[in-house]
Amino acid sequence: MFAPFMLHAWAVATVVAVVAGVAGFFTVLRGSAFAAHALPNGAFAGAAAATLAGVDPLVGLGAASLAGVAAIAGLGRRARSDVATALAIVVLLATGDLLLGRTADYAEGVYGLLFGEVLGVSTTQLVPTAALAAAAVAAIVVLYRPLLLASVIPDAAEAHGIRAGRLDLAFLVVLALVTTAAVPVVGSLLVFSLLIGPPAAAQALTARPARALALSVALALTTVWASVALAYVTDLPIGFYVGTGSGLAYAAGRLRAGAGHRRRRVR
Amino acid sequence: MPGGPLVARVLGGALRPLVEPGFLSSGPVRTALVVGTVVAAVSAAVGVVTVVRGQGFAGHALADIGSAGGAAAVLVGAPTVWGFVAFNVAAAGVIDLVGVDRRRGRDVATGIVLGVALGLAALFLYEDAVSTTATGTAVVILFGSLFAVPTTTVPLVAALGAASALALAALWRPLLLTSVNPDLAAARGVPVRAVGGAFLAILAVAVSLSAVTIGAILSTALLIGPAATALRCTARPARAVALAAVTGVAATWVGVLVAYDSADWLGGRGLPVSFCVVAAVVAAYAVSSVAPAARRRRPPAPPGGG
């Protein structure tokens, strides 16, 4: 399990878990589940286009994610933005399908991009993934206080002179960075599980932001490490373990929180 | 019937530049058109209520969740429709149970269920690839192929489509009232919660049917696209349903036709039919933004966005 080629997988998985735990905390707090789902799906088309053109998929993922940010921000100003977002996702997915249909390894390409292939991560992917993740974490550290205020008490944030629109855009860009880093590892469809499950569990367990953030990262790390180990041992796809593991983390968090409430009420 | 072939020949001659020869006499094309028509009409009707209720994300999530069901059905050798329906109805139940009244809570509940289902989809699709010799199962379930729908599925699709259309008609008035003004509905004695649950079940079946047609993760297009197009042109629900159904069916037919013809334009390797249908649906949506009604009655953007 700790053979040299597996070390890349462990390293990349750890980076992805940390950044997903941090960004996911704000995704859940702000209720941006739909955007967190839409960006990775849109990025699928970018990766497909890059594969077809013979470019590094990371370039395609990054370009498509940023285009997705622009689209969501532009459409968000109008009413019924969820309809427009849903249609944009579908168009991008269909385009990705069309493009991958023109490449040699169609079915494998589709499966790998949608559900991830952490065990096939190479050394060359490690550095860009880490750089993207570091940028995303740095952005969140810088924006931590205004982001927290704007997510929890939007009115107070406005009174402090925080521009909600600009902050929204900044957060979407962070999500785009996370997407670009995480899609090759856990796949377009499952980045989303990691962004929602562990942070939602953490927020069910504690109301204090800093503690919830730390807990969110810890749960994401546990989920991802367990998934890599189980995927290696059982030879089943990692996406299965990441998806169900995130769900289990949330269920455990809710149960634990429920038990805590009951105990406190009894006292 | 001597009249039949003559009409067909005249029509065929007139449409020659548009319709490649053999289009209407091809078995897969006929099945595709029948299934596509039924599904597009039902999805569009259900989609209008979905958009009015603001449940676009739930509809999209159900669509993705269905992919796990479709993959599981392939694994046990059952028709994929049943897999889609079973998983979507179960997921709709869980979302309804877990979901709380706050909108953010509902999104997170939907997201958690979606995440788990996608994990299962990864497993089942992998097992499908390992256990069956047929390649591309994942692609057919996720992205669909209207030309590959087996003829045996047609009666099933028709029955499920009719059932959801009837249920929608039966619930029409309480559904609209609870969507537009839940407080007033509750005051009039409408069981708001039960109506919402019943609608989620109808939505689950409609999404499953779309998943058979254009694939699990693309099925949102048939659900939301025509409905959103129609609601841009008219504010009256009944008229919107009719317009959405017409738009959806037309888009499906255009998509099937283009996909069939493209094999000739591109030298044997045509465009995927699902891509063509999605493109037609979105084109209709784009055109509707310049519709006279939309320009005349563009509502002022509500504070804080939709």
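## About the model

Because this is a predicted model, local features need pLDDT of at least 70 and side-chain atom pairs count only at pLDDT 80 or more, while totals for chains, interfaces and linings use all residues. Residues are numbered from 1 along each chain as its sequence is written, and chains are lettered from A and ligands numbered from 1 in the order in which they are written.

## The two chains

Let's start with chain A, which has 11 helices and 0 strands. Helices (H or I, at least four residues) and strands (E, at least two) are DSSP runs, numbered from the N terminus. Of the 267 residues of chain A, 55% count as buried. A residue is buried if 20 or more other C-beta atoms lie within 10 Å of its own, exposed if 12 or fewer, and partly exposed in between, with C-beta atoms placed from the backbone. Two residues are in contact if their C-beta atoms, placed from the backbone, lie within 7 Å. Among chain A contacts between residues at least 6 apart in sequence, 76% join residues at least 24 apart.

Chain B has 14 helices and 0 strands. Buried residues make up 49% of its 306 residues. For contacts in chain B with a separation of 6 or more, residues 24 or more positions apart account for 74%.

## Where the chains meet

The contact between the chains takes 43 residues from chain A and 43 residues from chain B. On the chain B side, the elements that give two or more residues are helix 3 (56–76), helix 5 (103–131), helix 6 (137–143), helix 11 (220–233) and helix 13 (273–288). Helix 5 of chain B supplies the largest share of that side, 14 residues. By class, the side of chain B that touches chain A has 29 nonpolar, 12 polar and 2 charged residues. Here Ala, Val, Leu, Ile, Met, Phe, Trp, Tyr, Cys and Pro count as nonpolar, Asp, Glu, Lys and Arg as charged, and the others, Gly among them, as polar.

## A helix pair in chain A

Helix 6 (residues 123–152) and helix 8 (residues 164–186) of chain A have axes that come within 9 Å and cross at roughly 155°. Axes are lines fitted to C-alpha atoms, for helices over the stretch in contact, and angles run from 0 to 180 degrees between N-to-C directions. The two helices are therefore roughly antiparallel to each other; angles under 35 degrees count as roughly parallel, over 145 as roughly antiparallel, 65 to 115 as roughly perpendicular and the rest as oblique.

Helix 6 of chain A passes helix 8 of chain A in a left-handed crossing, meaning that the near helix is turned anticlockwise from the far one by less than a right angle (right-handed if clockwise). Among the residues that make the contact are A:Leu132, A:Ala136 and A:Ile140 of helix 6 and A:Leu167, A:Phe171 and A:Val174 of helix 8. By class, this contact has 19 nonpolar, 3 polar and no charged residues.

## Helix 2 of chain B

Helix 2 and helix 10 (residues 192–214) of chain B pack at an angle of about 145°, with their axes 9 Å apart, and their crossing is left-handed. Residues that meet here include B:Gly36, B:Val39 and B:Ser43 in helix 2 and B:Ala206, B:Leu209 and B:Thr213 in helix 10. The contact has 11 nonpolar, 5 polar and no charged residues.

B:Gly36 is found in helix 2 (residues 27–53) of chain B. B:Gly36 is buried, with 25 other C-beta atoms within 10 Å. Leaving aside neighbours within four places in sequence, B:Gly36 is in contact with B:Leu146, B:Thr213, B:Thr252 and B:Val256.

## Core and individual residues

The largest nonpolar core has 198 residues, and those with the most contacts inside it are A:Val16, A:Val19, A:Ala23, B:Val48, B:Ala117 and B:Val278. Such a core is a set of buried Ala, Val, Leu, Ile, Met, Phe, Trp, Tyr and Cys residues joined through C-beta atoms within 7 Å. Beyond neighbours within four places in sequence, the contacts of B:Val48 include B:Ala227, B:Leu231 and B:Val241.

B:Ala185, in helix 9 (residues 182–187) of chain B, is buried, with 20 other C-beta atoms within 10 Å. A:Asp235 lies in the loop between helix 10 (209–234) and helix 11 (238–266) of chain A. A:Asp235 is exposed, with 10 other C-beta atoms within 10 Å, and its phi is near 65°, a positive value in a residue other than glycine.
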